[in-house]
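Thanks for coming, everyone. I'll walk you through one structure today, starting with the overall picture and then going into the inside of the fold.

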Amino acid sequence: MKKLLICTVFAALAMLLTVFLTGCKGFDFFGELFSKGNAAPDEIAGESENEPKPFPVIIDGIVIEESPAQIISLSPALTEILFEFGQGERLIGRSDYCNYPLSVKDIENIQGGSGFDVEKIIRRSPDLLLLSSPIAEKDRVALEREGIAAVVIPAPRSLVEFRNVYRIIGLILNGAFIGEQEGEVVFSDVARAFNNPEAFNLGDFVYITENMLVATGGTLESEVLSCFGNNVAQEGEGYVFNKKELLVIQPDVILLNDIYSEEDLSEDEIFSELDAVLEGRIIFLNNSYFERPSARIITLILEMQAQYVDLKI
């Protein structure tokens with residue numbers, strides 16, 4: 001596992017899977033990020049003389065020859081997901097922001113306030129480094145020189161990508177075919193939470209998050225919350241939305257990042273004029289569940305549901 005090769009050619013994904021959840025956008029699996037190598041999908045079900053092997057798999061151009069025994073994760077979300085897979089014991093390093101579950105604090109902190117420390121990572125000599133954002137080219141080259149693969153799995157911006165993170169982690173841990181299925185199993189609790197027929201209906205809503213911006217289409221916040229109502233800012237993109245339109249739309253409920261208060265809304269010239277604000281139809285959300293998406297997003301849904309019941313809309 002120490003010598004992982006860089007692959008220069010992406011193989012096309014031959015299998016697509018779509019699962020549609022009531023009230024949510026379809027979970028359409030896209031395969032640009034990984035490849036199963038030379039195994040053909042029609043060989044999976046049947047036995048053959050050349051039965052496909054789970055490894056190698058190619059993740060974003062990185063060839064993974066076998067399941068990594070030692071992993072450093074610098075992404076809090078990916079760290080949490082590794083524990084969800086029951087594979088926390090593979091972690092030999094983490095970032096300062098990886099603080100859940102509590103047992104993760106027993107793992108060496110590789111990345112603190114000083115930022116990315118490539119020399120410290122090299123000294124720990126992991127089989128795999130997991131990140132959610134790209135690293136400098138010079139650091140990537142230094143890691144590659146030492147046979148350390150750095151796989152970047154970007155933070156999801158949609159339910160599609162959220163589900164895909166689990167499938168990719170499954171592939172890394174268990175290889176093709178088995179790994180994908182394992183990813184689906186681990187993600188299944190989250191999928192059920194998004195597709196709960198007994199869940200509440202927010203009606204028309206808007207989510208106001210950091211810097212008092214509105215979560216628009218193309219954000220994970222909007223896709224998750226839209227499983228429980230209609231985001232009236234859906235047509236915007238990149239948190240860009242004309243707030244004055246809300247004065248005409250008058251959403252039924254205001255969802256608010258809990259770093260703010262009702263008083264903060266009352267001091268805004270637009271938000272203060274919304275009926276939902278004047279009548280106290282406000283639900284507070286912990287935005288960290290969106291910032292580091294994992295199965296803990298189920299807690300966000302339960303907390304939101306409890307507040308909705310209290311509103312007695």
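**A walk through the fold**

So, of the 313 residues in the protein chain, 49% are buried. By buried I mean under 20% relative accessible area, with exposed being over 50% and partly exposed in between, using a 1.4 Å probe and protein chains only. Before I go on, this is a predicted model, so local features need pLDDT of at least 70 and side-chain atom pairs count only at pLDDT 80 or more, while totals for chains, interfaces and linings use all residues. Residues are numbered from 1 along each chain as its sequence is written, and side-chain values use heavy atoms, with hydrogens and water left out.

The secondary structure of the protein chain comes to 11 helices and 15 strands. Those are DSSP runs numbered from the N terminus: helices are H or I with at least four residues, strands are E with at least two. Now contacts, meaning heavy atoms within 4.5 Å. Among contacts in the protein chain with a separation of 6 or more, 62% are between residues 24 or more positions apart. The accessible surface is about 15000 Å², and carbon and sulfur atoms own 50% of that. Areas here are Shrake-Rupley with a 1.4 Å probe, and for residues only the protein chains shown count as cover.

Okay, the inside. In soluble globular proteins, nonpolar side chains tend to be buried together. A nonpolar core, for us, is a set of buried Ala, Val, Leu, Ile, Met, Phe, Trp, Tyr and Cys residues joined through side-chain atoms within 4.5 Å. Which residues have the most contacts inside the largest core? They are L130, I169 and L255, in a core of 56 residues. Helix 4, residues 159-174, gives the most to this core, with 9 residues. Apart from it lies another core, this one of 17 residues, including V206, M212, A233 and Y260. Back to I169: leaving out residues up to four places away in sequence, I169 touches L78, I81, L82, F85, L130 and I153.

Some of those partners take us to helix 1, residues 76-84. Helix 1 is mostly covered, with 7 of its 9 residues buried: P76, A77, L78, T79, E80, I81 and L82. What do they pack against? Strand 6 (71-73), strand 7 (91-95), strand 9 (128-131) and helix 4. After helix 1 comes G86, with a positive phi near 75°.

Have a look at E80 while you're there. E80 sits in helix 1 and is buried, at a relative accessible area of 3%. Not counting residues up to four places away in sequence, E80 touches Y100, R292, S294 and R296.

Next, the aromatics. A search of the whole structure finds 8 aromatic pairs. Rings of Phe, Tyr and Trp (its six-membered ring) pair if their centres lie within 6.5 Å; planes under 30 degrees apart are stacked, over 60 edge-to-face, and the rest tilted. Take F162 and F194: the ring centres are 6.5 Å apart and the planes are at 55°, so the pair is tilted. That pair links distant parts of the chain, with F162 in helix 4 and F194 in helix 5 (residues 178-194), 32 residues apart. Both F162 and F194 are buried.

Then there's F200 with F228: centres 5.0 Å apart, planes at 15°, so that pair is stacked. F200 is in the loop between helix 5 and strand 11 (204-209), F228 is in the loop between helix 6 (220-225) and strand 13 (230-231), and they are 28 residues apart. F200 and F228 are both buried too. Ring pairs also link F85, F162, Y166, F187 and F194 into a cluster.

Two serines before I stop. S226 is in the loop between helix 6 and strand 13, and counts as buried because its relative accessibility is 19%. S226 and F194 are 32 residues apart along the chain, and their C-alpha atoms are separated by 9.4 Å. S133, in the loop between strand 9 and helix 3 (137-145), counts as partly exposed at 41% relative accessibility. From S133 to L74 is 59 residues in sequence and 9.3 Å in space, C-alpha to C-alpha.
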